[in-house]
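Please keep the sequence and the model in view while reading.

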Amino acid sequence: MIKDDINWSILMLLQEDARLSNAEIGRRVGLSSPAVAERIKKMEDLGIIKGYRADITHTTTGHRLKAIVTLKVFTGRLKPFLEVVKGYKEVINCYRITGVENIIMEVILYDQQHLEEFIDRVIQYGETKTHIILSNVIENRPISGRRRVLK
């Protein structure tokens with residue numbers, strides 16, 4: 001758990017723009033560039049920061065559909081599915097969940113035919129429900145270190 005406000009500030013800045021230089025982060029949080037680099041390295045070593053990546057808009061890559069697909073896995077098919085799903089390039093996030101369904105996947109697809117082909121591959125593992133995503137209300141919100149009181 002992170003209790004240091006400066007580390008939280010560094011994390012917030014990196015979540016908003018991972019390409020910020022250590023010097024720029026230092027200017028914003030009141031530390032030297034080497035001090036920022038040391039703190040970032042320590043957070044990486046502790047597994048708090050697990051990596052950096054480019055955030056790509058799926059429609060610019062030709063993927064016109066984004067969907068949530070839930071799966072209620074057939075008895076005895078969970079372990080095989082958990083292995084095979086790793087090879088499905090359409091799946092950008094997959095979670096094992098509680099409730100009626102066992103699996104929830106976020107997928108990007110080129111079109112309706114691609115969706116149908118994807119469902120045809122998945123359906124052998126269980127019952128599916130598909131929800132087409134119309135728009136993003138909140139996406140990749142930075143994790144905050146402060147508790148927020150709901151009104």
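Two strands are said to pair if DSSP finds at least two bridges between them. The model described here is a predicted one, and with that in mind the account begins with the strands, where in this sense Ala67 has Val107 in E3 as its bridge partner.

**Strand E3 and its neighbours**

Strand E1, which covers residues 65-73, pairs with E3 in the antiparallel sense over seven bridges. Strand E2, made of residues 91-96, also runs antiparallel to E3, and five bridges join E2 to E3.

| Residue | Residue in E3 | Relation |
|---|---|---|
| Ala67 | Val107 | bridge partner |
| Cys94 | Met105 | bridge partner |
| Asn93 | Glu106 | stands opposite |

Why can E3 be called largely enclosed by the rest of the structure? Six of the seven residues of this strand, which spans residues 103-109, are buried, and therefore E3 is largely enclosed by the rest of the structure.

E2 and E3 form a hairpin with six residues between them, and in the turn Gly99 has a positive phi of about 110°. Glu101 is also found in the loop between E2 and E3. Is Glu101 buried or exposed? Its relative accessible area is 17%, and because a residue under 20% counts as buried, Glu101 is buried. The side chain of Glu101 makes a polar contact with the side chain of Lys129, at 3.3 Å. If residues up to four places away in sequence are not counted, Glu101 touches Thr70, Leu71, Lys72 and Lys129.

**Helix H1**

Helix H1 is formed by residues 5-16, twelve in number, and from its first C-alpha to its last it reaches 17 Å, which is close to the 16 Å expected at 1.5 Å a residue. At the start of H1, a side-chain oxygen of Asp4 comes to within 2.7 Å of the backbone nitrogen of Ile6. The buried residues of H1 are Asn7, Trp8, Ile10, Leu11, Leu13 and Leu14, and what covers them includes helix H2 (22-29) and helix H3 (33-45).

**The largest pocket**

The largest pocket has a volume of about 1500 Å³. It is lined by 39 residues, of which Gln15, Arg53, Ala54, Asp55 and Asn140 are the closest to its centre. Which element gives the most to this lining? Helix H1 does, with five residues, while H1, E1, E2 and E3 each supply at least two residues of the lining, so that the helix and the strands described above are brought together here.

Asn140, one of the residues closest to the centre of the pocket, lies in the segment after strand E4 (126-132). Most residues other than glycine have a negative phi. Asn140, although it is not a glycine, has a positive phi of about 50°. With a relative accessible area of 47%, Asn140 is partly exposed, because that class lies between the limit of 20% for buried residues and the limit of 50% for exposed ones.

Technical notes:
Residues are numbered from 1 along each chain as its sequence is written. This is a predicted model: local features need pLDDT of at least 70, side-chain atom pairs count only at pLDDT 80 or more; totals for chains, interfaces and linings use all residues. Side-chain values use heavy atoms; hydrogens and water are left out. Helices (H or I, at least four residues) and strands (E, at least two) are DSSP runs, numbered from the N terminus. The expected span of a helix is 1.5 Å times one less than its number of residues. Buried means under 20% relative accessible area, exposed over 50%, partly exposed in between (1.4 Å probe, protein chains only). Contact means heavy atoms within 4.5 Å. A polar contact is a pair of N or O atoms within 3.5 Å; within protein, one must be able to donate a hydrogen and the other to accept it, and residues adjacent in sequence count only if both atoms are side-chain atoms. On a 1 Å grid over the protein atoms alone, a cavity is a set of points where a 1.4 Å probe fits but cannot get out, and a pocket is an open set with protein on both sides within 12 Å along at least five of seven lines; lining residues have an atom within 4 Å of a point. Grid points are joined across faces, edges and corners, and a volume is the space filled by probe spheres set on the points.
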